[in-house]
Amino acid sequence: MFTADNMRYLLELSRTGRIADAAKRLGVDHTTVSRRITKLEKDTGTRLFDRGAAGWELTEAGRRLVPHAEVVESALLAALDETAPIGGLTGTVRIITPDGFGAFVLVPGLSGIRAEHPDLFVELVTSTSHDLLTGRDFDIAVTLECPPPRSVTVSRLANYDLRLYASRQYLDKNGAIASVDDLRDHTLVWYVDAFLDVEPLRILDSLLPRCRAQIQTNNIAGHYQAVKSGVGVAPLPTYIGAFDPDLVEVLSDQFIAHRTYWLVVPRDLARLSRVKAVSDALFSIVAANSELHRPM
């Protein structure tokens, strides 16, 4: 007999790609996940997953079933939200965000939501790639690219600037930087080219032509630490660089990149009280940061 409960197992396995991971998130053993998927395939009369070297992958029939499973999940979440005790919020909100915004803006600003809703759990996953958004395994996402609004609500969260920074120690040792051409004699720090799939961060070719980063790391905390430790020069958001007295902005009249953060919420989760509360908190956190600007 076809049951909506089995759809939860389809969703979790589609999101994790591994039986053991899906079992852990569902709080069951791996044999239960296998049995539920087998039952769902029997009920639907078709294979829903292929098992390959990369894990369990949805078949075309499985992909067609996922949106319906998400509707079931959203209805259950909405029901839980309606029956929650009046007062502080409970449950978990998962936020996916670029590493810079997550580590340097969001985390320091979470005290307000914690004080107001002490029983609410926030999961923060940071990444500067498309991968984590593809499974829609999030309640709120902060992105550098505006996604198509097919199944999500999208709003502009903040504008920010990227500028070049070096430490005072580095400039004392290696000399001043007066032009873009001077950078060829300096160590440049940026993302790993092979892993950088976010177009707004592909800025070196246009703003620093003929310059290649000799030090490459896939997160902005690494860029910041490299600059602060005197390793080299790096583009940093001003919400990081401008607040550190040890850093100096270089080529201020020749290098600047204006960028935007977008707030993305799955449309069927946008009405949940805890999601709305955390979304509002994000706008408040942005408003309190002098280097982040609300779009007009």
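Author: Helices and strands here are DSSP runs, numbered from the N terminus. The model is a predicted one.

Reader: How many helices and strands does the protein chain have?

Author: The protein chain has 12 helices and 11 strands. Its C-alpha trace spans about 75 × 45 × 30 Å along the principal axes.

Reader: What share of the residues in the protein chain is buried?

Author: Buried means under 20% relative accessible area. In this chain of 296 residues, 46% are buried.

Reader: And what share of the contacts in the protein chain joins residues at least 24 apart?

Author: Start with contacts between residues at least 6 apart in sequence. Of these, 78% join residues at least 24 apart.

Reader: Let us turn to the aromatic rings. How many aromatic pairs does the count come to?

Author: Rings pair if their centres lie within 6.5 Å. The count by this rule is 7 aromatic pairs. Take Tyr 160 and Tyr 239. Their ring centres are 5.7 Å apart and their planes stand at 55°, so this pair is tilted.

Reader: Where do Tyr 160 and Tyr 239 sit in the chain?

Author: Tyr 160 is in strand β6, residues 152–167, and Tyr 239 is in helix α11, residues 238–241.

Reader: How are the rings of Tyr 160 and Tyr 261 placed, stacked or tilted?

Author: Planes under 30 degrees apart count as stacked. The planes of Tyr 160 and Tyr 261 are at 10° and the ring centres 4.5 Å apart, so this pair is stacked. Tyr 261 lies in strand β11, residues 257–266, and Tyr 160 in β6, so the pair ties together parts 101 residues apart in sequence. Tyr 160 and Tyr 261 are both buried.

Reader: Which residues do ring pairs link into a cluster?

Author: Phe 101, Tyr 160, Tyr 239 and Tyr 261 form that cluster.

Reader: Which residues lie nearest the centre of the largest cavity?

Author: They are Tyr 160, Tyr 191, Leu 201, Ile 220 and Tyr 261, out of 15 lining residues. Two elements, α5 (99–106) and β6, each give two or more residues to the lining. The largest share, 3 residues, comes from α5. By class, the lining has 12 nonpolar, 2 polar and 1 charged residues.

Reader: Why is α5 called largely enclosed?

Author: Of the 8 residues of α5, 6 are buried, so the rest of the structure largely encloses this helix. The buried ones are Asp 99, Gly 100, Phe 101, Gly 102, Val 105 and Leu 106.

Reader: Take single residues next. Is Arg 163 buried or exposed?

Author: Arg 163 is at 17% relative accessibility, so it counts as buried. Arg 163 is in strand β6. Its side chain makes a polar contact of 3.0 Å with the side chain of Glu 249. Leaving out residues up to four places away in sequence, Arg 163 touches Ala 234, Pro 235, Leu 236, Thr 238, Glu 249, Ser 252, Phe 255 and Ile 256.

Reader: How far apart are Ser 74 and Leu 269, in sequence and in space?

Author: They are 195 residues apart in sequence and 6.5 Å apart in space, C-alpha to C-alpha. Ser 74 lies in helix α4, residues 60–83. With a relative accessible area of 2%, Ser 74 is buried. Beyond four places in sequence, Ser 74 touches Asp 268, Leu 269 and Arg 271.

Reader: What does the side chain of Asn 289 reach?

Author: The side chain of Asn 289 reaches the backbone nitrogen of Glu 291 at 2.9 Å. Asn 289 sits in the segment after α12 (273–287). At 12% relative accessibility, Asn 289 counts as buried. Not counting residues up to four places away in sequence, Asn 289 touches Val 105, Tyr 239 and Phe 243. Val 105 is one of the buried residues in α5. Tyr 239 belongs to the ring cluster.

Technical notes
Residues are numbered from 1 along each chain as its sequence is written. This is a predicted model: local features need pLDDT of at least 70, side-chain atom pairs count only at pLDDT 80 or more; totals for chains, interfaces and linings use all residues. Side-chain values use heavy atoms; hydrogens and water are left out. Rings of Phe, Tyr and Trp (its six-membered ring) pair if their centres lie within 6.5 Å; planes under 30 degrees apart count as stacked, over 60 as edge-to-face and the rest as tilted. Helices (H or I, at least four residues) and strands (E, at least two) are DSSP runs, numbered from the N terminus. Buried means under 20% relative accessible area, exposed over 50%, partly exposed in between (1.4 Å probe, protein chains only). On a 1 Å grid over the protein atoms alone, a cavity is a set of points where a 1.4 Å probe fits but cannot get out, and a pocket is an open set with protein on both sides within 12 Å along at least five of seven lines; lining residues have an atom within 4 Å of a point. Ala, Val, Leu, Ile, Met, Phe, Trp, Tyr, Cys and Pro count as nonpolar, Asp, Glu, Lys and Arg as charged, and the others, Gly among them, as polar. A polar contact is a pair of N or O atoms within 3.5 Å; within protein, one must be able to donate a hydrogen and the other to accept it, and residues adjacent in sequence count only if both atoms are side-chain atoms. Contact means heavy atoms within 4.5 Å.
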